Amino acid sequence: AGLGTSFAEDLFAVYGGFNHYEDVAGDALSEIEVSASVNVFANPTVSAFRNVDEDLYTFEGSLSESFDLSFASLDVRGSIGHTEVTTSNDRTYYSVGGGLTRQVGAGVDLSLSVDLVDSDDIEREFVFGTALAFSF
């Protein structure tokens with residue numbers, strides 16, 4: 001949950017929020033997020049996250065852009081970040097990727113994506129995604 005706003009005729013945007021993740025029952029992560037972006041080509045964004053339980057920080061920079069193709073919408077993205085895993089261990093990571101979205105029916109979009117993810121402690125991995133989104 002968070003709040004965001006834009007100003008200067010939507011040229012700049014800021015966001016602040018609270019994120020709560022519970023991937024495994026009883027094991028949760030709560031963090032505060034702040035980010036700022038500029039609505040120009042590649043939409044540069046900088047973000048900072050603070051793990052409120054363990055006083056750990058993550059800083060990230062990202063770029064993203066969308067292109068309207070004749071047959072679909074193409075989204076490209078990239079990010080690089082640095083995160084504290086523990087108070088004595090940190091890692092740098094990056095990801096680059098893209099996706100295509102096409103309307104396949106009234107209120108139905110099909111999306112396909114691929115991302116390359118790498119960090120200090122894993123080998124490069126590809127993440128593939130597909131989704132059907134319904135609008136009512």
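Of the 136 residues in this protein, 21% count as buried. The model is a predicted one. Its secondary structure consists of nine strands and zero helices. Its side chains include 23 negative and 5 positive ones.

**Overall build**
- Read along the sequence, the pattern is β-β-β-β-β-β-β-β-β.
- The C-alpha trace spans about 50 × 40 × 30 Å along its principal axes.
- Among contacts with a separation of 6 or more, 23% are between residues 24 or more positions apart.

**Surface and charge**
- The accessible surface of the protein is about 9300 Å².
- Carbon and sulfur atoms hold 59% of that surface.

**Aromatic pairs**
- The structure has three aromatic pairs.
- One of them joins Phe7 and Phe12, whose ring centres are 5.8 Å apart.
- The planes of Phe7 and Phe12 meet at 25°, so this pair is stacked; the cut-off for stacking is under 30 degrees.
- Phe7 has a relative accessible area of 43%, so this residue is partly exposed.
- Phe12 has a relative accessible area of 33% and is also partly exposed.
- Tyr57 and Phe59 form another of the pairs, with 6.1 Å from centre to centre.
- The planes of Tyr57 and Phe59 are 5° apart, and the pair is stacked.
- Tyr57 is partly exposed, at 32% relative accessibility.
- Phe59, at 47% relative accessibility, is partly exposed as well.

- Strand E8 covers residues 108-119, and strand E9 covers residues 122-134.
- A hairpin links E8 to E9 through two residues.
- In which sense do E8 and E9 pair? The two strands are antiparallel, and 11 bridges connect them.
- Val117 has its bridge partner in E9, namely Glu125.
- How many of the 13 residues of E9 are buried? The count is zero, and E9 is hardly covered.

Key
Residues numbered from 1 in each chain as written. Predicted model: local features only at pLDDT ≥ 70, side-chain atom pairs only at ≥ 80, totals over all residues. Heavy atoms only, no water. Helix = DSSP H or I, 4+ residues; strand = E, 2+ residues; numbered from the N terminus. Buried < 20%, exposed > 50% of the residue type's maximum accessible area, 1.4 Å probe, protein only. Contact = heavy atoms within 4.5 Å. Areas by Shrake-Rupley, 256 points an atom, 1.4 Å probe, with all protein chains shown as cover. Lys, Arg positive; Asp, Glu negative; His and termini not counted. Charge placed at Lys NZ, Arg CZ, Asp CG, Glu CD. Phe/Tyr/Trp six-rings, centres within 6.5 Å; stacked < 30°, edge-to-face > 60°. Pairing = 2+ DSSP bridges.
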